[in-house]
Amino acid sequence: MTNKTRIGVIGVGNMGREHARYLAAGDLPDATLAAIADPGAPALDWASENLPDTVERFDDAEALMASGKVDAVIVAAPHYFHPPLAIAALKHGLHVLVEKPAGVYVKQVREMNEAAAKSDRVFGIMFNQRTRPLHQKMRELIAAGEVGEIRRTQYVITNWFRSQYYYDSGGWRATWAGEGGGVLVNQCPHNLDLWQWFCGMPTRVRAFCGFGRHHDIEVEDDVSAYVEYKNGATGTFVTTTGEAAGQNYLNVIGDRGRLQMEGNSITFWRTSGSVREFTQTTDQAFASPETWRCEIPVEKNADGNEHRAITRGFVAAIRDGKPLLASGDEGINGVQLANAMLLSAWTDDWASIPTPEEKYYELLQEKIRTSAANKKTVTGKTLDLTGTY
Ligand SMILES: NC(=O)c1ccc[n+]([C@@H]2O[C@H](COP(=O)([O-])OP(=O)(O)OC[C@H]3O[C@@H](n4cnc5c(N)ncnc54)[C@H](O)[C@@H]3O)[C@@H](O)[C@H]2O)c1
């Protein structure tokens, strides 16, 4: 009997293998890889060839959960399975770390959150990008009120370029039935999470999506969304997997200036005082508030360690009750945003946030029913995930 936390990885594809590798290599001193589960033969073959014999292998997640061999699981199966697998694991008394996105539609994620709230188990989500010093600094500056009351947010993430080969590499990808969405569900969960982590949740959205605009797929690969916040602030969110040379920047504009996050830097154009006050009190017709350009120091990313850092935090929460950097229940926010954007595009109308979850669910089912997707799949390929997180 080991006194390490025994972890089972459920879903051993691109991402699950990465979790299995660092756990099996002993990168986390307080945790060990005890088991894996995957219904697919390629995953089980990979496990036989690459993992120590001490790691139990299951072709069924439920059997792993019932085995008594694990204290906790990492759920790295395709998105639709995250909530049902997490709920089942919680029922077995296991701690759960779920991959992003929390799920495909709000209704199933809410049910997962309710199950977690009723249990006394640790429930985390793999928002590995929250570990980046860059992102922590942005959150810190906004929370400290440096930029003042937010008036506008602008997030452009057009550097998620993906080829047709990528979309053909897995049968479940980029279909309503298999993945439940495109760029909003697969690539953007990190950005949607960071956006709300920094700036809070908007109350409604009007979005325009291109479905298969750049690729031979049925789901969205191009999104332009306009949101409104409770305090009257507005925001835009633009993303695609079909554009080069892509960009990735976020502007947060408030009453005390503009914060711009781009690459690994944050530039703060700080106003000498409140913009609102200046607007009301100046006696000049064409003057604008004095601004000072400040380069905010940001530590370098500890490359390649983000997933380990989230899993280490999860293990510390299990063992010592330490707070999680990304609590599982927060995963619903990004799903709310993604669902609301798709709902707005489908209905050609505003969508409120929180999303009308039954309506969204029904329309998603209709997309699945009427889907013409019949994918030609590039089989047997494991994708190199370097640089995609
Ligand atoms: N945090 C990140 O940076 C990051 C990066 C990549 C992928 N992901 C997430 O990881 C998840 C998996 O993505 P991937 O690229 O590894 O996909 P993948 O297709 O390579 O692997 C999925 C694996 O899950 C298995 N599976 C399917 N149904 C299952 C079930 N019911 N129980 C157990 N296993 C099941 C499949 O056989 C396959 O081996 C996705 O939700 C994705 O969003 C997260």
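Begin by selecting residues 72–75 and 95–98 in this predicted model. These are strands β4 and β5, which run parallel and are joined by four bridges. Within this pair, V73 stands opposite V96 of β5.

Six strands form an open sheet with parallel pairing, and their order is β3-β2-β1-β4-β5-β6. Which strands lie at the edges? They are β3, at 56–58, and β6, at 123–125, each of which pairs on one side only. On average, neighbouring strands of this sheet are turned by 25° against each other, with direction ignored.

The ligand is the next stop. Its surroundings comprise 26 residues, and the closest are G11, G13, N14, M15 and G40. Select residues 14–24 to display helix α1, which gives the most to the shell around the ligand, with three residues. What is the make-up of this shell by class? The shell has 14 nonpolar, nine polar and three charged residues.

Finally, colour the chain by domain. Domain 1 covers 5–129 and 304–327, while domain 2 covers 133–302 and 334–369. The C-alpha centres of domain 1 and domain 2 are 28 Å apart. Where the two meet, 16 residues of domain 1 are in contact with 21 residues of domain 2. On the domain 1 side that touches domain 2, nine residues are nonpolar, four are polar and three are charged.

Methods. Residues numbered from 1 in each chain as written. Predicted model: local features only at pLDDT ≥ 70, side-chain atom pairs only at ≥ 80, totals over all residues. Pairing = 2+ DSSP bridges. Helix = DSSP H or I, 4+ residues; strand = E, 2+ residues; numbered from the N terminus. Axes fitted to C-alpha atoms, helices over the stretch in contact; angles between N-to-C directions. Near = placed C-beta within 6 Å. Nonpolar A, V, L, I, M, F, W, Y, C, P; charged D, E, K, R; others polar. Domains from an automatic or database assignment. Contact = placed C-beta atoms within 7 Å.
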